[in-house]
Amino acid sequence: MSTYNAVTWLLDRNVDEGRGGKLAYTDTVSELTYGELQRQSCRAANLLRRLGVRREERVAMIMLDTVDFPIVFLGAIRAGIIPVPLNTLLTADQYGYVLADSRARVLFISEALYPVVKDVVGQLPDLECVVVSGRNSHGHKLLSEELAKESDSFATVKTHAEEPAFWLYSSGSTGMPKGVRHLHSNLQATADTYASQVLGIQESDICLSAAKLFFAYGLGNALTFPMSVGATTVLNSERPTPALMFSLLNKYNPTIFYGAPTLFAAMLNDETTKNERAGARLRICTSAGEALPESVGLAWKARFGVDILDGIGSTELLHIFLSNSPDDIKYGTSGRPVPGYKVRLVSDSGDDVPDGEVGELLVEAPSAGEGYWNQRSKSRHTFQGYWTRTGDKYVRDADGRYTFCGRADDMFKVSGIWVSPFEVESALITHPAVLEAAVVPEADPEGLLKPKAFVVLRAGSEADNLYDSLKEHVKQKIGPWKYPRWIDVVEALPKTATGKIQRYKLREGASN
Ligand code: 3UK
């Protein structure tokens, strides 16, 4: 049986093809060439062996974006061991849950994040060892010291293209996170499709991702894609504020900047950075995680002269499967299927819906996970043979472009007509006073559902007739019955650790 280890293709191939001396990563503190990354990942593989971790066992990573992330992630995969990168913003309870669920044998953690898990690590029967990245070991092992003891050669484990290589936990907007098992071949599948055929990534590219490596989006942006061509990546371990992003764009002059709608909007609106440029060599930006409002895409292009490609991806499918592309952009849409992916829109009864009608998006993907760990019924619901259900509602126009209408479970009917909260929110944020909006159903005195809006205002935009002005604005934009009957001004919207609005927390009767 032929074998395939993702690390051979991602990393060793770059060295074999003569790029051993080329810069793979810079994290503003350290730099790592492809050759150094190969040697360090071998050390990490040897370290895992010494710690007694065996093939197919899991190791968890709660790591900031520094050069240590690719060293540990690729070292584990090299050894046939399953790295499980976790969101660095979880609570102690959530870490307790996912560490127990994954039965991680070793935890790699950045020194600054250790305090969050300190009371949890002693309570996990399967967790045998903690390795700290940084200078303060907090009484455990220090990654740099342990790597220094190891040999920098390692016989890469002969894995199979279709065996699990790593897991990613999908948070969803409700419930506990679910571990998606991804295969060795899934990384290359995202590079051969989206990165190569949509981004047109090149060896000469320099990548900067606001999304961190523990997200599927960030992992593709800052690991799979650049390594697929031997490009260079700038890592940022800090919170991606507008000011920091502008400073990185101007210091490193990346050619590709991967962001998200909230960040692009914030970078356009930030008073302190209103004279900043977006770097001299930037050729393209990408946006994912939520839909990019048309107004944000157009404003960005007008100010910086560079397009933003909006595309939808998911943890289950690893990266983007429906996207705009550099020569074919329509702001306000998610574009067309990425070459290599097929999509369908289906009604509740599972029939394909015609153009112009809303349906649930299903995707046939070469990069789909093989299921959720220990969750048979949720796996069956999501991974249906060749097709993966996204839980998103979309409409296709006559040109074959797809437009996001909202999460299936957030849609509701007003006077018998489906209302997408997302459509009302999109209309609200085009009002000059509104920075962000969330819309949920609320029962009127007759018990009938109507839209209710929660809005975050832009600084200095309190106005006497604000509520009437907002209602009128929505009526004008999207039709008279969809306007919010009630509007609450709030300081901030509830969001998941991945930045998605938690509408369920705002719904009528929600207890939290
Ligand atoms: C929503 C979008 C509209 C959609 C992700 C790029 O976000 C990613 O993965 P998650 O598992 O969330 C998936 C869900 O997020 N979504 C993502 N992108 C868009 N909605 N327009 C978009 N452009 O509800 C989807 O089901 O956190 C994004 C690459 C890899 C990813 N995992």
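Buried area is taken here as the accessible area, found with a 1.4 Å probe, that two parts lose on being put together, summed over both. The structure is a predicted model, in which local features need pLDDT of at least 70, side-chain atom pairs count only at pLDDT 80 or more, and totals for chains, interfaces and linings use all residues. Residues are numbered from 1 along each chain as its sequence is written, and side-chain values use heavy atoms, with hydrogens and water left out.

The domain assignment divides the protein into domain 1 (6-17 + 32-181), domain 2 (186-407) and domain 3 (412-511); such bounds come from an automatic or database domain assignment. Between the C-alpha centres of domain 2 and domain 3 the distance is 25 Å. Ten residues from domain 2 and eleven residues from domain 3 take part in the contact, where contact means heavy atoms within 4.5 Å.

About 790 Å² is buried between domain 2 and domain 3, and carbon and sulfur atoms give 58% of this area. Of the area that domain 2 buries against domain 3, 35% is supplied by F215, N269 and C405, more than by any other three residues. Between the two domains there are zero salt bridges (a side-chain nitrogen of Lys or Arg within 4 Å of a carboxyl oxygen of Asp or Glu). Three residue pairs, both members at pLDDT 80 or more, are in polar contact between domain 2 and domain 3. A polar contact is a pair of N or O atoms within 3.5 Å; within protein, one must be able to donate a hydrogen and the other to accept it, and residues adjacent in sequence count only if both atoms are side-chain atoms.

On the side of domain 2 that touches domain 3, α10 (261-269) and β21 (402-407) each supply at least two residues. Helices (H or I, at least four residues) and strands (E, at least two) are DSSP runs, numbered from the N terminus. The most is given by β21, with three residues.

Strand β21 is also joined to β20 (residues 387-396) by five bridges, and the two run antiparallel; strands pair if DSSP finds at least two bridges between them. D392 has R407 in β21 as its bridge partner. Five residues lie between the strands of the β20 and β21 hairpin, in which G400 takes a positive phi near 85°.

A separate description concerns an open sheet of five strands, with parallel pairing and the order β4-β3-β5-β6-β7. At its edges stand β4 (82-85) and β7 (141-142), each with a single partner strand, so one side of each has no neighbour in the sheet.
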